[in-house]
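Open the structure in your viewer and keep the sequence beside it. The stops below each give you something to select and then say what is there.

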Amino acid sequence: MSQYQRLLLIVNPVLRHSPAINHAAALAKASGASLHIAAFVMPLEVLSLLEEGVQEKARESYLQDHRDWLTNQATKLRALGLEITTEVTWADDLEQDILDHVTEMQPDLLIKEVQHESALKRAFFTPLDWHLLRDSPIPVYLVGGSGHALPRKVVAAVDASDAESRNTELNERIIQQATNLALQCDAELHLLYACDLSGIYLSDMGGLALPDITKELRTTEEQSFIKLANRYGVPSDRRHFILGHPVSALSDFASEHQVDVIVMGRVQYHGLEKLLGSTTEHILYQVPCSVLAV
């Protein structure tokens with residue numbers, strides 16, 4: 001039985017060459033899932049300057065233009081044997097409108113193109129994609145990079161530190177979601193742990209010199225990763241233990257190994273961490289591929 005039954009794709013109709021359409025269609029084709037494409041149109045401030053009667057006609061004409069475009073896209077996809085439904089509507093509150101669709105439709109996956117935002121803008125406003133990562137009740141597939149529409153290489157990015165407690169359940173969900181995606185797409189599945197030793201605190205150094213501590217830490221973390229990989233039967237040539245900050249390490253790995261999708265966990269943050277963003281959120285602007293957040 002297919003892992004995906006219903007997919008929801010969110011598009012910005014102004015950006016008519018979004019790769020997210022091809023990615024969603026390829027996944028729907030591979031899994032036999034139905035695909036609903038929702039295009040949300042942001043209100044145009046310039047229309048408010050027009051007289052009321054003219055304003056309404058202009059609004060409807062603008063909306064109809066987007067409907068015609070999306071209808072044409074859907075016709076092409078149906079010719080490929082896909083079950084497609086579409087809608088074009090005004091967005092009063094884009095984030096809430098998307099979440100309301102998720103609640104109403106109960107899809108297996110929310111798909112959307114990554115919306116790149118500058119570091120300066122992120123300092124003052126939380127990006128829409130970050131909001132969706134934090135608030136969506138279902139996995140979020142954010143399409144980025146120029147990889148294959150149907151993934152050929154999927155990487156499950158886990159955190160093997162402290163694997164016996166808080167990370168265990170999340171790692172399981174990440175690996176399961178990555179496995180499901182790889183099976184649907186007949187893709188290679190890899191397991192990766194980007195270990196940042198500087199982020200691991202020691203309560204007792206035991207009189208060891210810094211090089212000894214680093215070596216001991218690395219050995220402990222690597223053994224924990226090997227144990228996790230063994231538990232899921234991951235072949236040795238598809239296990240990757242990398243030292244370094246997760247964002248840069250994952251970005252370099254994705255570029256070097258031509259990764260199509262990285263599957264990562266979503267963690268709820270509060271206070272300053274919420275303002276700065278999580279590793280998964282910052283990954284969106286660094287890796288040359290798509291991100292599936294669980």
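**Stop one: a covered helix**

Select helix 5, residues 128–135: it is mostly covered, with six of its eight residues buried. Buried here means under 20% relative accessible area, exposed means over 50%, and partly exposed lies in between (1.4 Å probe, protein chains only). The buried residues are L128, D129, W130, L132, L133 and R134. Helices (H or I, at least four residues) and strands (E, at least two) are DSSP runs, numbered from the N terminus.

This is a predicted model, in which local features need pLDDT of at least 70, side-chain atom pairs count only at pLDDT 80 or more, and totals for chains, interfaces and linings use all residues. Residues are numbered from 1 along each chain as its sequence is written, and side-chain values use heavy atoms, with hydrogens and water left out.

Next select strand 5, residues 140–143, and show the side chains. Which residues point one way from strand 5, and which the other? V140 and L142 point one way, Y141 and V143 point the other way, and all are buried.

Two strands pair if DSSP finds at least two bridges between them. E113 has V143 in strand 5 as its bridge partner.

**Stop three: two loop residues**

Most residues other than glycine have a negative phi. Select Q106, in the loop between helix 3 (94–105) and strand 4. Q106 is not a glycine, yet its phi is positive, about 55°. Is Q106 buried or exposed? Its relative accessible area is 57%, so Q106 is exposed.

Move on to D186, in the loop between helix 6 (166–185) and strand 7 (188–195). D186 also has a positive phi, near 55°, and is a residue other than glycine. With a relative accessible area of 72%, D186 is exposed.

**Stop four: a charged patch**

Finally, select D92, D93, D100 and E104, which gather in a patch of negative charge on the surface. Such a patch joins like charges within 9 Å, from residues with over 30% relative accessible area and no salt bridge. A salt bridge is a side-chain nitrogen of Lys or Arg within 4 Å of a carboxyl oxygen of Asp or Glu. E104 lies in helix 3, and it counts as exposed because its relative accessibility is 67%.

Key
Patch = residues over 30% accessible without salt bridge, like charges linked within 9 Å, V, L, I, M, F, W, Y side chains within 5 Å. Areas by Shrake-Rupley, 256 points an atom, 1.4 Å probe, with all protein chains shown as cover. Lys, Arg positive; Asp, Glu negative; His and termini not counted. Charge placed at Lys NZ, Arg CZ, Asp CG, Glu CD.
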